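Student: I'd like to learn how to read a structure like this one. Could you walk me through it?

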Amino acid sequence: MKIIACGSVPTIIAPEKYFTGKVLQTPIVEKEAPARLRATLVSFEPGARTHWHTHPLGQTLYVTSGAGLVQTWGGPIEVIRAGDVISFAPGEKHWHGAGPKTAMTHLAMQEALDGSHADWLEAVSDEQYGG
């Protein structure tokens, strides 16, 4: 058994090469091989969002607070709210983030394939974000 004490894992500012706007990440689960699970609490300020990306084994989001937006490539922008669970299939190109005027926090969970949890792509433009 391993207990990770509250406050012992630092929250970081998410890297600009993967996100637009201010985003904070707090690691929750970071398992080493042969385990593959990673879970991160991600907090988006209004207007902040991920870049387009995919996950080799898919991703599940659990929205813990606020309201935000999510979109798969070629699909409509969908509103997500606290309590919603969003699942992306392996390789499904998507983005997610806060609404234009609302903050949003979610728990992001994904597994690694050959050590990779995500493949990061281009930024979501303001035009794409605006719908």
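Student: Let's begin with pockets. How much space lies in the largest pocket?

Tutor: Keep in mind that this is a predicted model. The largest pocket holds about 390 Å³ of space. Its lining is made up of 21 residues, and those closest to the centre are Gln25, Arg38, Thr40, Gln110 and Trp120.

Student: Which elements give two or more residues to that lining?

Tutor: Those are S3, S4 and S11. By class, the lining of the largest pocket splits into nine nonpolar, ten polar and two charged residues.

Student: And what volume does the second largest pocket have?

Tutor: About 320 Å³. There, 13 residues form the lining, with Lys2, Ile4, Ile28, Val29 and Glu30 closest to the centre. The classes in the lining of the second largest pocket are seven nonpolar, two polar and four charged.

Student: Next topic: how many salt bridges does a search of the whole structure find?

Tutor: The general idea comes before the count. Side chains of opposite charge can pair when their charged atoms come close. In this structure, the search turns up four salt bridges. One of them joins glutamate 30 to arginine 38, where the closest N and O atoms are 2.9 Å apart.

Student: How accessible are glutamate 30 and arginine 38?

Tutor: Glutamate 30 has a relative accessible area of 48%, so it counts as partly exposed. Arginine 38 is also partly exposed, at 27%.

Student: Which side chain does glutamate 111 meet in a salt bridge?

Tutor: That of arginine 36, at 3.9 Å from N to O. The pair links distant parts of the chain, 75 residues apart: glutamate 111 is in strand S11 (residues 104-111), while arginine 36 is in the loop between strand S3 (23-30) and strand S4 (37-44). Glutamate 111 is partly exposed at 35%, and arginine 36 is partly exposed at 38%.

Student: Where does arginine 49 come in, and which residue does its side chain meet?

Tutor: Its side chain meets that of aspartate 126 in a salt bridge of 2.7 Å, N to O. Arginine 49 sits in strand S5 (residues 49-50) and aspartate 126 in helix H1 (residues 126-130), so this pair ties together parts 77 residues apart in sequence.

Student: Is arginine 49 buried or exposed? And what about aspartate 126?

Tutor: Arginine 49 is buried, with a relative accessible area of 3%. Aspartate 126, on the other hand, is exposed at 61%.

Note on methods:
Residues numbered from 1 in each chain as written. Predicted model: local features only at pLDDT ≥ 70, side-chain atom pairs only at ≥ 80, totals over all residues. Heavy atoms only, no water. Buried < 20%, exposed > 50% of the residue type's maximum accessible area, 1.4 Å probe, protein only. Helix = DSSP H or I, 4+ residues; strand = E, 2+ residues; numbered from the N terminus. 1 Å grid on protein atoms, 1.4 Å probe; cavity = no way out; pocket = protein on both sides within 12 Å on 5 of 7 lines; lining within 4 Å. Points joined across faces, edges and corners; volume = space filled by probe spheres on them. Nonpolar A, V, L, I, M, F, W, Y, C, P; charged D, E, K, R; others polar.
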